[in-house]
Amino acid sequence: MRKVLRWSVYTLGLILFSFGISLTIRVQHLGIHPWDVLNVAFHNMIGLSIGSWAIIISILLIVVSWILDKRYIKLGTFLNAIFIGVFVDLFLWLDVLPMANYTWTDVIVIISGIVFMGFGGGMYNAAGVGSGPRDGFMLSIAQKLNAPIRRVRIITETSVLVIGFFLGGPVFLFTIIFTFIQSPIFQFSYIKLTELIAYTESRYLSGDDMRGSL
């Protein structure tokens, strides 16, 4: 039951995170997350779906992380790389999300997307079944260079943003605002859900290990 709980939280987190990405892509003229700027830029230049580029880039990051430090690579890391791309393409393909109309309502849509991304990201990380490919990549770089994680994240995402911008990706005001909205929501949901999972396991699932050993 512990595994069922954690994998359920993880899966729901991936779905919410992907839904949030899809919402922001719908109103990309306002600016999107640096990694998504890169995905959209490759999509516009070369073809393939946005989700396909998310998968390709995630797999490349996993390979680098695997070389640098295998500790950050778990089953959930591989599933994250695949399913976020799949879910993003699915949500965009269903064509049920609001379209950009270049009014103040687009701001509501993108803020909603950022909130979903923050909460979903905190959720799937709280499940403890594997860091996301980007998180694992930045953690492995920080470990290898013995550098602060915050600094590595800033340098990495800034570099990705610059590359995406020069490739023609959608960079605007909300690309900068993203961090200020998403990060606090991510931290809050991660902490609270980690505590909730631990409480649920100790309160309701503590007998699972004993039954399994009989």
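Colleague: Before we start, what do buried, exposed and partly exposed stand for here?

Modeller: Buried is under 20% relative accessible area and exposed is over 50%. Whatever falls in between is called partly exposed. Keep in mind that this is a predicted model.

Colleague: Good. Is W104 buried or exposed, then?

Modeller: W104 is found in the loop between helix 4 and helix 5. The cut-off for exposed is over 50%. W104 comes in at 61% relative accessibility, so the label is exposed.

Colleague: How far apart are the C-alpha atoms of W104 and S65?

Modeller: Along the chain, W104 and S65 are 39 residues apart.

Colleague: Let's zoom out. How many helices and strands does the chain have?

Modeller: Reading along the sequence gives α-α-α-α-α-α-α-α-α. The tally for the chain is zero strands and nine helices.

Colleague: What radius of gyration does the chain have, and what would a compact globule have?

Modeller: The C-alpha trace spans about 60 × 40 × 30 Å along its principal axes. A compact globule with 214 residues would have a radius of gyration near 17 Å. The chain agrees with that, at 18 Å.

Colleague: What share of the contacts with a separation of 6 or more comes from residues 24 or more positions apart?

Modeller: As background, 45% of the 214 residues count as buried. For the contacts you ask about, residues 24 or more positions apart account for 82%.

Colleague: What is the phi of D95?

Modeller: Most residues other than glycine have a negative phi. D95 sits in the loop between helix 4 and helix 5. It is not a glycine, yet its phi is positive, at about 60°.

Colleague: Where is N146, and what is its phi near?

Modeller: N146 is found in the loop between helix 6 (133-145) and helix 7 (149-166). At 71% relative accessibility, N146 counts as exposed. N146 is another residue other than glycine with a positive phi, near 55°.

Colleague: Which residue does R26 form a salt bridge with?

Modeller: The structure holds six salt bridges. In this one, R26 is in helix 1 and its partner is 69 residues apart, in the loop between helix 4 and helix 5. R26 itself counts as buried, at 16% relative accessibility. The closest N and O atoms are 2.7 Å apart, and the partner is D95.

Colleague: In the salt bridge of D69 with R71, how far apart are the closest N and O atoms?

Modeller: D69 counts as buried at 12% relative accessibility, whereas R71 counts as exposed at 53%. Their closest N and O atoms are separated by 2.8 Å.

Colleague: Which helices does the D135 and R153 pair tie together?

Modeller: D135 forms a salt bridge with R153, with the closest N and O atoms 3.1 Å apart. D135 counts as buried at 17% relative accessibility, while R153 is partly exposed at 34%. The two are 18 residues apart in sequence, so the pair ties together parts in helix 6 and helix 7.

Technical notes
Residues are numbered from 1 along each chain as its sequence is written. This is a predicted model: local features need pLDDT of at least 70, side-chain atom pairs count only at pLDDT 80 or more; totals for chains, interfaces and linings use all residues. Side-chain values use heavy atoms; hydrogens and water are left out. Helices (H or I, at least four residues) and strands (E, at least two) are DSSP runs, numbered from the N terminus. The radius of gyration is taken over C-alpha atoms; the globule rule is 2.2 Å times the number of residues to the power 0.38. Buried means under 20% relative accessible area, exposed over 50%, partly exposed in between (1.4 Å probe, protein chains only). Contact means heavy atoms within 4.5 Å. A salt bridge is a side-chain nitrogen of Lys or Arg within 4 Å of a carboxyl oxygen of Asp or Glu.
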